[in-house]
Amino acid sequence: NPDGFYLPPFEPSTIGPQLEQMAANESPVVMSGGPEEAEDYPASGANRVPPAQDESYGEIMAAWAVEKHGAEAHPVLIEHPELAFSKAIKAGFESGMKKLCAECKFDILPIPAEEVSQSANKIVSELQANPEINQIVAISDFVAGLPAAQKAAGLDVGTFVYPGEPQTFEAIKNGELEAALAAGLGTQSYTVMDILLREVEGQPLTPAEKKGWQPMQILEQKDITFDPKFGWEADPNFVEKFAKFWHSEE
């Protein structure tokens, strides 16, 4: 019987009875990046990133490919087939490509979560089998080791990723990846907790929290002026601002 509960992105049915009990107790539940099955628990009052924003990420990936290659663009999207946010990115990418370059071809390469460690080799195999592909767009956990794998195979296809982690920014700084649609992961985590605390305290959510949208920015090599190991944040002072709002003494 907690005051509130944060549900990270995993299958909610594994704790289905507990979620139903929390709903019965009117304990607020906040989730982020959950699978489609999360929608089977509407009574929990869960908040999640709206599919519209996830779809916009896919549209931006399509726009990047068309901006880079024009009518010759032939990107491949690397995606998680089992995760709802990835499915929304895929839908946005497909609609974006059709809208921006109806004559362009594109491919989708689904890689299940349990095969992420093999993704670099799978992507290289896809490029070798389809030499017309001239752009990779991917969720960033798929590209670990990809620059080295491409180099070993004699390939040089540009890569644009979402959302970007410290190792991603390091690779962009070194010229191994083109760019990232970066999300402030620290701000996102604090915002999830802010939503949960507001619901526990019966306070209204901010307009941005009601929409579920988060700040994003495309970062290229010229933009990595910060230390990559600390990641990127739209507002570097987010910790102090959250602490001030919640009157934290820490």
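Helices (H or I, at least four residues) and strands (E, at least two) are DSSP runs, numbered from the N terminus. By that rule, the chain has 9 helices and 8 strands, and Glu 26 sits in the loop between helix H1 (16–24) and strand S2 (29–31). This is a predicted model: local features need pLDDT of at least 70, side-chain atom pairs count only at pLDDT 80 or more, and totals for chains, interfaces and linings use all residues. Residues are numbered from 1 along each chain as its sequence is written, and side-chain values use heavy atoms, with hydrogens and water left out.

**Whole chain**

- Of the 250 residues of the chain, 44% are buried. Buried means under 20% relative accessible area, exposed means over 50%, and partly exposed lies in between (1.4 Å probe, protein chains only).
- The chain has an accessible surface of about 12900 Å². Carbon and sulfur atoms account for 53% of that surface. Areas come from the Shrake-Rupley method with a 1.4 Å probe; for residues, only the protein chains shown count as cover.
- Contact means heavy atoms within 4.5 Å. Take the contacts between residues at least 6 apart in sequence: 65% of them join residues at least 24 apart.

**Backbone points to check**

- Phi of Glu 26 is positive, near 60°, and the residue is not a glycine. Glu 26 counts as exposed because its relative accessibility is 70%.
- Tyr 162 and Pro 163 are joined by a cis peptide bond, with omega about 0°. Pro 163 belongs to the loop between S6 and H6.
- Gly 175 follows H6 and has a positive phi, near 80°.

- A salt bridge is a side-chain nitrogen of Lys or Arg within 4 Å of a carboxyl oxygen of Asp or Glu. For charge, Lys and Arg count as positive and Asp and Glu as negative; His and the chain ends are not counted.
- Glu 165 lies in the loop between strand S6 (158–162) and helix H6 (166–173). Glu 165 is buried but forms no salt bridge. Lys 173 is the nearest side chain of opposite charge, 17 Å away.
- The side chain of Glu 165 does make a polar contact with the side chain of Ser 140, at 2.8 Å. A polar contact is a pair of N or O atoms within 3.5 Å; within protein, one must be able to donate a hydrogen and the other to accept it, and residues adjacent in sequence count only if both atoms are side-chain atoms.
- Beyond its neighbours within four places in sequence, Glu 165 is in contact with Ser 140 and Leu 185.
- Glu 126 is in helix H4 (residues 119–129). Glu 126 is also buried with no salt bridge; Lys 122, the nearest side chain of opposite charge, is 9.4 Å away.
- Leaving out neighbours within four places in sequence, the contacts of Glu 126 are Val 76, Asp 107, Leu 109 and Ile 133.

**Helix H6**

- H6 has these buried residues: Thr 168, Phe 169, Ala 171 and Ile 172. They lie on the same side of H6 because they cover an arc of only 160° around the axis. The arc is that of the directions from the helix axis to the C-beta atoms.
- The buried residues of H6 pack against S6, strand S7 (179–183) and strand S8 (216–220).

**Salt bridges**

- The structure holds 6 salt bridges.
- Asp 194 and Arg 198 form one at 2.7 Å, N to O. They are about one helical turn apart because 4 residues separate them in helix H7 (residues 185–201).
- An α-helix has 3.6 residues a turn, so residues three or four places apart point the same way.
- Asp 194 is buried, at 4% relative accessible area. Arg 198 is buried too, at 10% relative accessibility.
- Asp 194, Arg 198 and Glu 209 are linked in a salt-bridge network.
- Lys 222 pairs with Asp 223 in a salt bridge of 3.3 Å, N to O. Lys 222 is exposed at 62% relative accessibility, while Asp 223 is partly exposed at 21%.
- Lys 229 and Asp 227 form a salt bridge at 2.5 Å, N to O. Lys 229 is exposed at 56% relative accessibility, and Asp 227 is partly exposed at 33%.

- Lys 211 is in helix H8 (residues 207–211). Lys 211 counts as exposed, at 58% relative accessibility.
- Lys 211 and Gln 53 are 158 residues apart along the chain, and their C-alpha atoms are separated by 9.3 Å.
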